[in-house]
Each structure stands twice: as structure tokens, then as C-alpha cells.
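I opened my notebook to record what I looked up, entry by entry, about how the chains meet.

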Number of protein chains: 2
Amino acid sequence: MARRSSTPLSAEFHSLGQETAITLLRAADSVRRHFTAVLEPFGVTLQQYNVLRILRGAGPDGLPTLTISERMMEKTPGVTRLLDRLEKRGWVARERDSEDRRRVWVKITRDGLELLRQLDEPIDRADEECVESLSDREQAQVVRALRKL
Amino acid sequence: MARRSSTPLSAEFHSLGQETAITLLRAADSVRRHFTAVLEPFGVTLQQYNVLRILRGAGPDGLPTLTISERMMEKTPGVTRLLDRLEKRGWVARERDSEDRRRVWVKITRDGLELLRQLDEPIDRADEECVESLSDREQAQVVRALRKL
DNA sequence: AGCCTTTAGTTGACCAGTCATCTAATTGTG
DNA sequence: CACAATTAGATGACTGGTCAACTAAAGGCT
């Protein structure tokens, strides 16, 4: 059952597992930096962008706060404060549910939608660029493997 | 030169590039969570652990702050404050260079080394565990591809 | 020597993520 | 109906990452 530690590809590492983990973390950092650089001129962070995308996808009623935090796989406190900032910038609006007054519905505003519209093209480009040093074959291999994590 | 957007493997995505980028970010999060869970009982964070590993590798003289921040590929201010916390816990010591008094040498303490000693085994295990759902072949594919980023 | 530039590192302000705790509203059960 | 348990979300305190501005010490040049 337990796998013996396998030989790494590079002498820099103890084991193949270590090499995979660290290479993965580094690669993800590189991708994150790439997106951050695209968003930075617009004054949006990657997480803020993610929330706005989720809200655009959710349609005109928006979503309750907890649903957003589930979709982002993030803890609620972080999301609450992220929404505070998005609300202050006028990109989202919050409204308490009149039926269940614990619940807060969050929806993207006209300004938020306009921001996303401006970002759609640059982000599509960034999606390609940040992994452009990999062939389609390599990308497919990576996706198929990493999906298992 | 410019690559046309390639077909994603899953309908969830617009393009293969997007699918690769997002899958990569998610996988890295999973790995990060795995390591964090191992370190948490010891009261160390992943970044703190990284610094301690770098300092152990550097030998008894330690390293200047800026060198540490280069090796971590991180901005200096963050490292300064990380070191503040490590110093407060007694895991590192700082000493101003008597030749060049701008420079601060940071070295790991006996307590810091003892902490790492206790962590060596669990971390080696975590290196394997966090990617154990991939075969050696898949890991090698992933490493070879992601090294290009 | 005097001054300008560069280098090493710190500090302040902000965004983000996590944990623990808290409030308020709702639901479930006797 | 009343009261406990659950749920939605907010708040405080801390770690961490980034940018901009700052201090202090070297180094270089006239």
C-alpha cells in the first residue's frame, strides 16, 4: 500500500513526491502572478475578480454570502470582508432577504458588470499566455493528472 | 505564432489554457492545505517552515535578510516581519554585521533546528501523500511540463 | 572632504485568509 | 408556546503579502 519514495528527476529534490509538490507550488505562483499583473491596472485583485465572476454567473438575483464562500472554497469571514471592499467600490450591492432576515443577497452592479466586460478579453488572453510554454499535449496531460488532486 | 484557443477537456471551461490554469491553481491549493495541516500542530506556518529550511541549509553563519527574501522569491518587507515572528518564538537569531552595519545576519537557533528535526519525518511523508493519487509516470509528466513555467 | 547614488533593511498602510467568538434570526422539539 | 439547537453572517485578532516611503550605512566621484 505505502509507496516507496521514488527517484526525483532533478538532484535538487529528495523524492519524486517532493519534486512534484514543489514544482506544482512554483508553477501555480507563476500563474497567479500572471493574472495579478493583468488585473492590477484595473485596481482589482484576483479574489475580487473571482467573486465578481461568480456573481455575474449567478444572474440578476445574486447569491447569499455563504453560497459565495462555498463556491470559492473559502471561509466566510474572508468573504464578508472581500464583499465589504467590493461594495465600497460600487461593484456589488447587498440586500437583506425579507423572508429570512439572516440571509444577505449579494448581486453585481451595473458598474461591476462593466468592469468585467472590460476584463473579458485581457483575461482570455492571460488564460492562454500563462501556460503558453506548454504544448496542448502537455496541458492535457497536466489537467488529466492534476484533476485527481 | 499566436495559438488559437484549444478545446478544453471539460465543458466547464472556455479553452484548454483556462482549464490548465485553473486546474493548476486548484491543485496547488490542495497541496498547500495538506502541508499546512501537517505543520499546524507544531504552530508553524508553511512560510515560516520554508525560512527555517533555508536557514538550516545555509549553515552556521546564517544568511543576510535580503538573501533569504531572494531565495523565497518574496518581497523583503514580508520577510522582515516573518523573521520578527520567528525571532519572537526563539527559532532564529539576528545579528548586525560588524563590517557592513547595514547588513543583518539571520541564523537558525538550536530550538529552530530541533523543531525542524521533529518535522523532517512528517514532512517527508506529506511530500509523498499530497500527490499520492498520481502514478510516478504522471508525476514525472507533470514535473517535466510545469518546470517550463 | 563633500555630495550623490546605491544597498540593506524597516515601517506604515492596505488586501487577503484563518480561527474563535459573537449576534440575530430561524427551526425543531417537548 | 417556550426554549434549545442550528444557521447566516459579522467582528476581532493574528499571519502573511504587496507597495511606497523612509533610515542608515557604504561606495563612488569630483
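The model I am reading is a predicted one. With that cut-off in hand I went to helix α6 of chain B, residues 136-146, and found it mostly covered, since eight of its eleven residues are buried. I listed the buried residues by name: B:Glu138, B:Gln139, B:Ala140, B:Gln141, B:Val142, B:Val143, B:Ala145 and B:Leu146. Next I asked myself what the buried residues of α6(B) pack against. The partners are α1 (16-39) and α6 (136-146) of chain A, together with α1 (16-39) of chain B.

Entry 2, the interface as a whole. I looked up how many residues each chain brings to the contact, and noted 44 residues from chain A and 44 residues from chain B. Chain A and chain B bury about 4,500 Å² between them, and 63% of that area lies on carbon and sulfur atoms. Turning to charged pairs, I found four salt bridges across the interface of chain A and chain B. One salt bridge that I looked at joins the side chains of A:Glu138 and B:Lys148, with 2.4 Å from N to O. For polar contacts, I noted twelve residue pairs between chain A and chain B, both residues being at pLDDT 80 or more. On the side of chain A that touches chain B, the elements giving two or more residues are α1, α5 (110-129) and α6 of chain A. Of these I marked α1(A), which gives the largest share, 15 residues. Sorted by class, this side of chain A has 18 nonpolar, 13 polar and 13 charged residues.

I noted that chain A can be laid on chain B by a turn of 180 degrees and a shift of 0.0 Å along the axis, with an RMSD of 0.0 Å. The two copies are therefore related as by a two-fold rotation axis. Which residue of chain A has its C-alpha nearest the axis? I found that it is A:Val142, at 2.7 Å. The same surface serves both copies, as 100% of the contact residues of chain A recur in chain B.

I stopped at A:Met73, where phi is near 55 degrees, a positive value in a residue other than glycine. A:Met73 sits in the loop between α3 (65-71) and α4 (76-88) of chain A, and A:Met73 is exposed, with a relative accessible area of 53%. In chain B, phi of B:Met73 is also near 55 degrees, and B:Met73 counts as exposed at 51% relative accessibility.

Methods: Residues numbered from 1 in each chain as written. Chains lettered and ligands numbered in written order. Predicted model: local features only at pLDDT ≥ 70, side-chain atom pairs only at ≥ 80, totals over all residues. Heavy atoms only, no water. Buried < 20%, exposed > 50% of the residue type's maximum accessible area, 1.4 Å probe, protein only. Helix = DSSP H or I, 4+ residues; strand = E, 2+ residues; numbered from the N terminus. Contact = heavy atoms within 4.5 Å. Buried area = accessible area lost by both parts, 1.4 Å probe. Polar contact = N/O pair within 3.5 Å; in protein donor to acceptor, adjacent residues only side chain to side chain. Nonpolar A, V, L, I, M, F, W, Y, C, P; charged D, E, K, R; others polar. Least-squares fit on C-alpha atoms with pLDDT ≥ 70 in both.
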